[in-house]
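The points below should be read with the model open alongside.

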Amino acid sequence: MASGPDPLAVRLAELDPAAIQKILDELRRRFGATEEAFASTCVRCGLCAEACHYYLTSQDPKDAPAHKLNLVLSVFKHHFTPGGRMLPGWLGAKPLDAAAVAEWVDSLFGRCSGCGRCTIGCTSGIDIRRVIRAARGALAAADLVPPELQSTVMTAVRTGNNMAIPKAEWLDTAAWIEEELQGETGDPGARIPIDREGADYLYAINPREVKFFPLSILAAAKVFRAMGASWTFSSESYDVTNYGLYSGDDGHAGLMSARLADSTERLGAKTLLLGECGHGFGANRWEAQEWLDRRYPFPVRSVLEVAAEALREGKLRLDASRYTKVVTLHDPCNLVRLGGIVEEQRLLLRAAAANFVEMTPNRLKAYCCGGGGGQLAMTRYADRRLRAGRLKADQIRATGAQTVVAPCHNCIDQLMELNREYKLGVEVKTVMEVVAESLVPPGA
Amino acid sequence: MLGTALASACSLVYLVWRTRSTGSRPLISAPAGRRWPGVVHAFGRDMLPWEKESIRLNPLTFLGGALYHLGVFVAVIYVLLSVLLPGVHPPAVPLRLAAAAGVLAGLALLLKRVVKPELRILSVPDDYGANLMVDAFLLLALAESFFPRLEPVLLVWTSVLFLYAPVGKIRHCFFFFYTRILYGSFLGRRGVFPPTSARV
């Protein structure tokens, strides 16, 4: 296959003052009180370095979160603070020039998965991920997002899902899953509802499930059926992912989230229910309403919250003896450390699997798998991504697990690659897949 | 000296106020938790040495930082007391211990910054300069406790330090609290802080 010059390299080589000004204008717009406070707080102690999976696996000072943070803060100080203008050399304030922009692109897109572990490690609590996302947004304003990531964003914007799955294919897949559901449950009335009005839940999933992991959808459908849930898919908007969270482009990110919100309202669903997707949860639960400056009239919840609630209330009955393999759990950063969904998946897995073991460290201190932040899309940084994932691979190996559960399809893709790269010999599943295998049949 | 202390405090308060008045995007998604319990956690359990991984992995740096800041705090109190209440003579031993430990810790942290490549790449002149200015202040406070005739030198240097505080990294003495509140508030609102159960 013929390949032309790298469009990003061309764009960087042709960078003109107008593009640099665009970046600065957007950075100024994105830097509010919070980011400015961070600029006055970081003392460059470097203690965040050992929180970062990139740094820990490379020992490259450029991978230290404080270095990435200060690439941005030094520019902010130079252009937008009196001290930085008066004493630039002394305070380390630097102008944004073409070389700095190239380093921003390489470091902010290529050396960070936005996992937020450095924030927990920072002695002051600086949200480094937030500053990096603001700077990514500034780069996006000048069309400097790595094209592989940008094309994922634009595919979703243009087609309604990030895999460009035509509506007919989606509906065919749903119909096939419905037949499977009926066959496996022996219930000819079992449905994969599409565009059902007035349901309790509008369920949104990662389109990779439609394309590559339909059994994941089947598992969720079995669990909903067992819970007696009233739910539906939308024929138009079912993509929970939002790569605008990663590109930093709030405009496109808001547009993608708005589609899910609009479908929820159009179908009169009571809740927007988010499937097992870490960044999709972060985007649609926590960020979308701010992007859109619009308060949703319905709650946005994770499928894990709803299933755990059903388990607590006795609506969902599980038999752990049905799943006897050793199971461990990966904590997706956007869902757990940044999202607050920490115990629900544990409650479900303890009820669904007889041999559940935690990785160490876990929960808020879990290591990122390395697949977030758009890294899976940005193939140019694949070597770094796989190297950074070594910590997660080591963690998995130490548990002796046969099954790794990850409530996030992005993480699952990365974990499957780590499985091959580091020869872990595990299977990787969603929470719903394990729960579905342990369901107690109605009447049993 | 009191004038410079007041000017420094006012400048720092102004900087925080000005930063805060920049404004932030309003958060309108429904909260999953409460801000203040998150802030309390951020200033409490989350700062404990055995809780914070970065501290656990770097106990000497943590100890150095703690002694350094304690030394500065004690020395500033003593200097302010000597100016505000000239007739009062608090015992010199706590000052001597805190200042001596502080200056040693400060120099150790400076050495670490010079020696470690991942810190060198990060560092700017202010990082070295501010450290040396504070070390000199601690050294002067220590020396003055033995040789009171050094008091004018100490007061002049303290004034310089106060005037410098809002300019460079020393401003973190105010902004640390601001950022820590933002941190606890953010994670509290998202239901992450305080954590629901024990871990690692």
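1. Basis of the note. This is a predicted model, in which local features need pLDDT of at least 70 and side-chain atom pairs count only at pLDDT 80 or more, while totals for chains, interfaces and linings use all residues. Residues are numbered from 1 along each chain as its sequence is written, and chains are lettered from A and ligands numbered from 1 in the order in which they are written.

2. Helix H12 of chain A. Helices (H or I, at least four residues) and strands (E, at least two) are DSSP runs, numbered from the N terminus. H12(A) covers residues 167-185, 19 residues in total, and spans 27 Å between its first and last C-alpha, close to the 27 Å expected at 1.5 Å a residue. That expected span is 1.5 Å times one less than the number of residues.

3. Residues A:Trp170, A:Ala174, A:Ile177 and A:Leu181 are buried; a residue is buried if 20 or more other C-beta atoms lie within 10 Å of its own, exposed if 12 or fewer, and partly exposed in between, with C-beta atoms placed from the backbone. Viewed down the axis of H12(A), the buried residues fall within an arc of 65 degrees, so they line one face of the helix; the arc is that of the directions from the helix axis to the C-beta atoms. An α-helix has 3.6 residues a turn, so residues three or four places apart point the same way. On the face turned away from the buried side are the exposed residues A:Ala168, A:Asp172, A:Ala175, A:Glu179 and A:Gly183.

4. Packing of H12(A) on H14(A). The cover over the buried residues of H12(A) includes helix H13 (207-211) and helix H14 (214-227) of chain A. The axes of H12(A) and H14(A) lie 10 Å apart, and the two helices pack at an angle of about 55 degrees; axes are lines fitted to C-alpha atoms, for helices over the stretch in contact, and angles run from 0 to 180 degrees between N-to-C directions. That angle makes H12(A) oblique to H14(A). Angles under 35 degrees count as roughly parallel, over 145 as roughly antiparallel, 65 to 115 as roughly perpendicular and the rest as oblique. Among the residues of H12(A) that meet H14(A) are A:Ile177 and A:Leu181, and those on the H14(A) side include A:Ile217 and A:Leu218. Two residues are in contact if their C-beta atoms, placed from the backbone, lie within 7 Å.

5. Chain B. Chain B contains nine helices and zero strands. Of its 200 residues, 36% count as buried. Its C-alpha atoms fill a box of roughly 60 × 35 × 35 Å along the principal axes.

6. A helix pair in chain B. The axes of H2(B) (residues 35-43) and H9(B) (residues 172-189) come within 7 Å and cross at roughly 130 degrees. This makes H2(B) oblique to H9(B). The residues in contact include B:Trp36 and B:Val39 of H2(B), and B:Tyr183 and B:Leu187 of H9(B).

7. A:Arg29. This residue lies in helix H2 (residues 17-30) of chain A. A:Arg29 is exposed, with 12 other C-beta atoms within 10 Å. A:Arg29 and A:Ala138 are 109 residues apart in sequence, and their C-alpha atoms are 8.9 Å apart in space.
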